Amino acid sequence: QVQLVESGGGLVRSGGSLRLSCAASGGTVSNYRMDWYRQAPGAEREFLARLPRFGTTTYADSVQGRFIISRDNAQNMVYLQMNSLKPDDSAVYYCAASTTDWSPPDYWGQGTQVTVST
C-alpha cells in the first residue's frame, strides 16, 4: 500500500508560480497512475492532471497550459508545476495514485494548501 505526502503549498501572489511535490513510500510511483486534484472550500474535488503508467498526460481545461505534472522515478516523487497562478487556484491540492490507468484513485495524500492573493 502506497503512502503519499504532499508538500510545497503556500501563499503566492497572482501570476506567480509554485511547485508541489508528492513523496511516495511503500510503493513505486512508476507502477501507478498518478493524479493531482484540488478542493476549494464549499466545492467538490476537482481533477487537475493525470500521468498514466502508459500514455500521455492529460489536464483539466482550467489548468491546461499553466500546470505541468511530472514524475521522478529515481526519487519516487511526483510534481505539479503551477504557473500563472490566479486567485481561483486557491484550494487544498491532493496527490492520488491508482493501480490501473482506468480506475478511480486508490490512495490519497493529506493535501497541501495553496493560496493565491490578488
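Q: Which residue in the turn of the β7 and β8 hairpin has a positive phi?
A: This is a predicted model, where local features need pLDDT of at least 70, side-chain atom pairs count only at pLDDT 80 or more, and totals for chains, interfaces and linings use all residues. Residues are numbered from 1 along each chain as its sequence is written, and side-chain values use heavy atoms, with hydrogens and water left out. Strands here are DSSP runs (E, at least two residues), numbered from the N terminus. β7 and β8 have four residues between them, and the one in the turn with a phi of about 55 degrees is Asn76.

Q: In which sense do β7 and β8 pair, and over how many bridges?
A: Strands count as paired if DSSP finds at least two bridges between them. Within this pair, Ser70 sits opposite Tyr79 of β8. The pairing is antiparallel, over six bridges.

Q: Which cysteine does the disulfide join to Cys22?
A: The cut-off is cysteine sulfur atoms within 2.5 Å, and one disulfide passes. Its S to S distance is 2.1 Å, and the partner of Cys22 is Cys95.

Q: How far apart in sequence are the parts that Cys22 and Cys95 tie together?
A: Both ends are buried (under 20% relative accessible area, 1.4 Å probe, protein chains only): Cys22 has 0%, and Cys95 also has 0%. Cys22 belongs to β3 and Cys95 to β9, so the parts tied together are apart by 73 residues.

Note on methods:
Buried means under 20% relative accessible area, exposed over 50%, partly exposed in between (1.4 Å probe, protein chains only).
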